[in-house]
Amino acid sequence: MLYPYKEYKPEISESAFIADYVTITGDVKIGSESSIWFNTVIRGDVAPTRIGNRVNVQDQCCLHQSPNKPLVLEDDVTVGHQVILHSATIRRNALIGMGSIILDGAEIGEGAFVGAGSLVPPGKKIPPNTLAFGRPAKIIRELNEEDLKDMKRIRREYVEKGQYYKTVQSSPNSF
């Protein structure tokens, strides 16, 4: 469901996949080939939410903001199942593991990996190309070539899956 909020309405690229039972409200922009998966809520009724190209926001995520603190997901970001993102900045190629919570003013560096179930507290900065894990999240190590290769595979597969489901969604009787 798409809902306007005051003078704002969601702007979604025609090539993006929005699954069933997703709710998007207000000042939200979603880029090309991005995918927003089942039962996710993205509310843009407090500050803007900007989602870049080829971003995947997986099932049951919650994205929101605090006043005057936008939520930004740059290009090629992966957001795992049941993640909460609140007024944070997620730099390109980052991966946020399942069940993590990223709070106001946190910044996840380019190519960083936040492990499943982690809590990134307000204002915390996770450096580029590192693995952070825990509650609160701490830097564990630098990412290696295998990590980066796997993150790239996940991003590619979600773009492909999103485009597949978009095709099926537009022809529901095709199966």
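Arg-54 is partly exposed, at a relative accessible area of 26%. On that scale, buried means under 20% relative accessible area and exposed means over 50%, with partly exposed in between (1.4 Å probe, protein chains only). Before going further, a word on the source: this is a predicted model, where local features need pLDDT of at least 70, side-chain atom pairs count only at pLDDT 80 or more, and totals for chains, interfaces and linings use all residues. Residues are numbered from 1 along each chain as its sequence is written, and side-chain values use heavy atoms, with hydrogens and water left out.

**Salt bridges**

Back to Arg-54: its side chain meets that of Asp-76 in a salt bridge, 2.7 Å from N to O. The term covers a side-chain nitrogen of Lys or Arg within 4 Å of a carboxyl oxygen of Asp or Glu. Asp-76 sits in the loop between β9 (71-73) and β10 (78-79), while Arg-54 sits in the loop between β6 (41-51) and β7 (56-57), so the pair ties together parts that are 22 residues apart in sequence. Helices here are DSSP runs of H or I with at least four residues, strands are runs of E with at least two, and both are numbered from the N terminus.

How many salt bridges does a search of the whole structure find? The search turns up 12. As a general point, side chains of opposite charge can pair when their charged atoms come close.

Helix α1 (residues 145-170) holds Asp-150 and Arg-153, which are 3 residues apart and therefore separated by about one helical turn. Their side chains also meet in a salt bridge. Asp-150 is partly exposed at 36% relative accessibility, and Arg-153 is partly exposed at 30%. Glu-160 and Arg-156 lie in helix α1 too, 4 residues apart, again about one turn of the helix. These two form another salt bridge. Glu-160 counts as partly exposed at 47% relative accessibility, and Arg-156 is partly exposed at 45%. Elsewhere, salt bridges that share partners join Arg-54, Asp-75, Asp-76 and Arg-92 into one network.

| Asp-76 | Arg-54 | 2.7 Å |

Now for the strands. An open sheet is built from 8 strands in the order β3-β5-β7-β10-β13-β16-β19-β20, with mixed pairing. Its edge strands are β3 (17-18) and β20, each of which pairs on one side only. Two strands count as paired if DSSP finds at least two bridges between them.

Which sense of pairing do β13 and β16 show, parallel or antiparallel? Strand β13 (residues 95-96) and strand β16 (residues 113-114) run in the parallel sense, over 2 bridges. Ile-96 has Val-114 as its bridge partner in β16.

At the β20 end, strand β19 (residues 130-134) pairs with strand β20 (residues 137-142) in the antiparallel sense over 5 bridges. The two make a hairpin with 2 residues between them. Thr-130 is bridged to Glu-142 in β20.

**Gly-44**

Gly-44 lies in strand β6. This glycine is buried, at a relative accessible area of 3%. Contact here means heavy atoms within 4.5 Å. Leaving aside neighbours within four places in sequence, Gly-44 is in contact with Thr-25, Gly-26, Asp-27, Val-28 and Gln-65. Gly-44 and Arg-153 are 109 residues apart in sequence, and their C-alpha atoms are 30 Å apart in space.

**Cysteines**

If you were wondering about disulfides (pairs of cysteine sulfur atoms within 2.5 Å), a search of the whole structure finds 0. Cys-61 is in no disulfide, and the nearest cysteine sulfur, that of Cys-62, is 8.7 Å away. Cys-62 is in no disulfide either. Is Cys-61 buried or exposed? Cys-61 is buried, with a relative accessible area of 2%, whereas Cys-62 is partly exposed at 33% relative accessibility.

**Lys-6**

Lys-6 is found in the loop between β1 (2-3) and β2 (11-12). This lysine is exposed, with a relative accessible area of 68%. Lys-6 and Thr-78 are 72 residues apart in sequence, and 30 Å apart in space from C-alpha to C-alpha.
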